[in-house]
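Hello,

Here is the structure you were waiting for. Please open it alongside this email and follow along.

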Amino acid sequence: MSLEHIKTPLAFKLPAFTRQKIADAFALTGKALPASIKAVVSSGIVEVQFELANIPFTLPPIIVPVQGSEYVRVPYQVGCLGVVRPADARLG
């Protein structure tokens, strides 16, 4: 008798299926990446380039807002290091 005709019970397959679905959903979320300021566009808006090593591709520079207090403006300069974090906001 060959093992090709034996069916695997659902209880054995379900945990692996669930782990894969969780991994797929996690892959769709954003990641926090190290970056440095390439240019200061305006007060609170900067263009950053990602500081990633050992990856086979290059991420393009992007323009992002700077998170901070509305009462304190830190003087950001070209070359300052930081982290770009994903965020979403509902405007409705």
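Below are the notes on what turned up, starting with how to read the model.

This is a predicted model, in which local features need pLDDT of at least 70, side-chain atom pairs count only at pLDDT 80 or more, and totals for chains, interfaces and linings use all residues. Residues are numbered from 1 along each chain as its sequence is written, and side-chain values use heavy atoms, with hydrogens and water left out.

Confidence. pLDDT is the predictor's confidence in each residue, from 0 to 100. The protein chain averages 84, and 93% of the residues score at least 70. Of its elements, β2 has the highest mean pLDDT (94). Helix α1, residues 10–28, has the lowest (83). Helices (H or I, at least four residues) and strands (E, at least two) are DSSP runs, numbered from the N terminus.

The sheet. Four strands form an open sheet in the order β3-β2-β1-β4, with antiparallel pairing. Two strands pair if DSSP finds at least two bridges between them. The edges are β3 (62–65) and β4 (81–84), each pairing on one side only. On average, neighbouring strands are turned by 55 degrees against each other, direction ignored. For that angle, axes are lines fitted to C-alpha atoms (for helices over the stretch in contact), and angles run from 0 to 180 degrees between N-to-C directions. β1 and β2 run antiparallel and are joined by 6 bridges. S42 stands opposite I45 in β2.

The core. The largest nonpolar core has 7 residues: A35, I37, V46, V48, F50, V64 and V84. The largest share, 3 residues, comes from β2. A nonpolar core here is a set of buried Ala, Val, Leu, Ile, Met, Phe, Trp, Tyr and Cys residues joined through side-chain atoms within 4.5 Å. Buried means under 20% relative accessible area, exposed over 50%, and partly exposed in between (1.4 Å probe, protein chains only). In soluble globular proteins, nonpolar side chains tend to be buried together.

V64 is one of the core residues. Beyond its neighbours within four places in sequence, V64 is in contact (heavy atoms within 4.5 Å) with G44, I45, V46, V48 and V84.

S36 lies in β1. It counts as buried because its relative accessible area is 7%. Not counting residues up to four places away in sequence, S36 touches E47, V48, Q49, E51, G79, C80 and L81. E47 is in β2. At 22% relative accessible area, E47 is partly exposed.

N54 sits in the loop between β2 and β3. N54 is exposed, because its relative accessibility is 81%. It is not a glycine, yet its phi is positive, about 65 degrees. Most residues other than glycine have a negative phi. The C-alpha atoms of N54 and P34 are separated by 13 Å, and the two are 20 residues apart along the chain.

Best wishes
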